[in-house]
Amino acid sequence: MGIKGKAALAIVVLLFFLGSMWLQGSLDYQWDSCLKGYIQINSPRHLSNGSEADSDEDRAILEVCPGQKFQVSELLSHLLAAQAPTNDVLLQPYLASWDELIKFMEALGPMVGLISQEIEAKTSIIRDLTLREAGSSDEGEVGLALGLVSGTRAHSGGQEETEASVAAPSSTYLSLRSMIHTELSQGLVDFQQMTESGCRTLLRLHRALLWLQVFLEKLGEGPVGGRLRSPSELCREAYQHTLAHHHSWFVRRAAEIAFIAMPERSFFYRLVCVTNQEEASVVLNKVVRAIGEVYDRTQGVLEEHGMLDLP
């Protein structure tokens with residue numbers, strides 16, 4: 001194996017190791033504990049979905065894209081279903097949204113795929129907590145909780161599932177607010193040291209969601225100075241404005257190496273089933289607005305309970 005081959009192998013091994021710490025915050029907690037609080041720079045505009053997401057034009061654009069795992073139509077559907085009427089976030093469609101975002105990241109190649117593995121581990125923690133809580137509930141609550149952790153939802157039954165969930169507040173892991181109230185009442189949230197509570201775990205997902213939101217927003221922008229900026233450049237910039245504030249210098253350098261291998265823009269066109277930047281902007285802007293609404297709701301609930309700085 002030549003020098004270049006050995007260097008490439010070393011980078012892959014390093015990224016695999018750091019990927020497991022991507023959302024854990026362990027490196028940052030030990031090496032950079034003074035970096036606390038939630039820092040947000042150049043955050044995207046959060047527009048309301050309004051009636052636009054239900055228009056004939058949207059339904060025509062966001063259709064199933066054959067031959068690939070990631071489906072932008074599924075992602076948008078889950079994001080909209082997560083928005084409870086009470087300004088809360090329903091956990092089942094929220095986690096289902098992450099299932100699609102994980103497929104999106106895995107499609108970008110093995111480097112970014114390492115990050116998605118840690119995110120998937122986070123969603124599994126919340127689903128396991130839901131099952132554990134269901135095990136101590138009565139039969140009716142068990143059935144509902146199992147439905148919450150399925151991770152997938154058929155389009156035809158989505159509205160019925162959401163209405164049923166809203167109508168059954170007895171499920172302790174039904175929504176973000178109910179999960180917070182349950183874990184606080186049971187003393188599961190520690191504001192001084194790291195735990196695997198659902199609240200702390202969701203905070204890590206929340207931070208990663210902002211990174212993807214900013215990246216997708218930038219990817220949907222038109223030419224700057226007569227040219228379209230590369231996805232690699234945009235992803236690195238989005239990371240610097242979001243997740244980088246929670247990572248150590250070492251992790252930040254490794255992340256930038258991973259972004260170098262980002263596919264070209266034409267790959268993203270195929271990924272969201274469009275043929276040019278104009279069509280991509282329409283699709284991505286819809287997704288960004290839906291992510292923004294879920295992000296804003298989550299941010300508000302976590303801030304309300306003083307949970308934006310959980311170790």
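The following dialogue examines how terms are applied to this predicted model.

Mentor: The model is predicted, so local features need pLDDT of at least 70 and side-chain atom pairs count only at pLDDT 80 or more, while totals for chains, interfaces and linings use all residues. Residues are numbered from 1 along each chain as its sequence is written, and side-chain values use heavy atoms, with hydrogens and water left out.

Trainee: How many helices and strands does the protein have?

Mentor: The protein has 14 helices and zero strands. Helices are DSSP runs of H or I with at least four residues, strands are runs of E with at least two, and both are numbered from the N terminus.

Trainee: What makes helix H4 mostly covered?

Mentor: Buried means under 20% relative accessible area, exposed over 50%, and partly exposed in between, with a 1.4 Å probe and protein chains only. In H4 (residues 72-81), nine of the 10 residues are buried. Among them are Val72, Glu74, Leu75, His78 and Ala81. Across the 311 residues of the protein, buried residues make up 54%.

Trainee: Why is H4 called roughly antiparallel to H5?

Mentor: H4 and H5 (residues 91-106) pack at an angle of about 160 degrees, with their axes 8 Å apart. That angle makes H4 roughly antiparallel to H5, because angles over 145 degrees count as roughly antiparallel, those under 35 as roughly parallel, 65 to 115 as roughly perpendicular and the rest as oblique. The axes are lines fitted to C-alpha atoms, for helices over the stretch in contact, and angles run from 0 to 180 degrees between N-to-C directions.

Trainee: Which residues make the contact of H4 with H5, and how do they divide by class?

Mentor: H4 supplies Glu74, Leu75, His78, Leu79 and Ala81, and H5 supplies Pro93, Ala96, Ser97, Glu100 and Leu101. Contact means heavy atoms within 4.5 Å. The residues divide into six nonpolar, two polar and two charged. Here Ala, Val, Leu, Ile, Met, Phe, Trp, Tyr, Cys and Pro count as nonpolar, Asp, Glu, Lys and Arg as charged, and the others, Gly among them, as polar.

Trainee: At what angle do the axes of H10 and H11 cross?

Mentor: The axes of H10 (residues 198-219) and H11 (residues 231-241) cross at roughly 140 degrees and come within 8 Å. Residues in this contact include Trp211 and Phe215 of H10 and Leu234 and Tyr239 of H11. By class, the contact has nine nonpolar, one polar and two charged residues.

Trainee: What makes a set of residues a nonpolar core, and which members touch the most others in the largest one?

Mentor: A nonpolar core is a set of buried Ala, Val, Leu, Ile, Met, Phe, Trp, Tyr and Cys residues joined through side-chain atoms within 4.5 Å. The largest has 70 residues, of which Tyr94, Trp98, Phe104, Met105, Trp211 and Phe215 touch the most other members. H10 gives the most to this core, with 13 residues. Not counting residues up to four places away in sequence, Trp98 touches Met105, Ile119, Thr123, Leu205, Ala208, Leu209 and Leu212.

Trainee: How do you know that Asn87 and Cys273 are partly exposed?

Mentor: Asn87 has 42% relative accessibility and therefore counts as partly exposed. Cys273 is partly exposed because its relative accessible area is 33%. Asn87 is in the loop between H4 and H5, and Cys273 is in the loop between H13 (265-271) and H14 (277-304).

Trainee: What is phi of Asn87, and what is phi of Cys273?

Mentor: Phi of Asn87 is near 60 degrees, a positive value in a residue other than glycine. Phi of Cys273 is also near 60 degrees. Most residues other than glycine have a negative phi.
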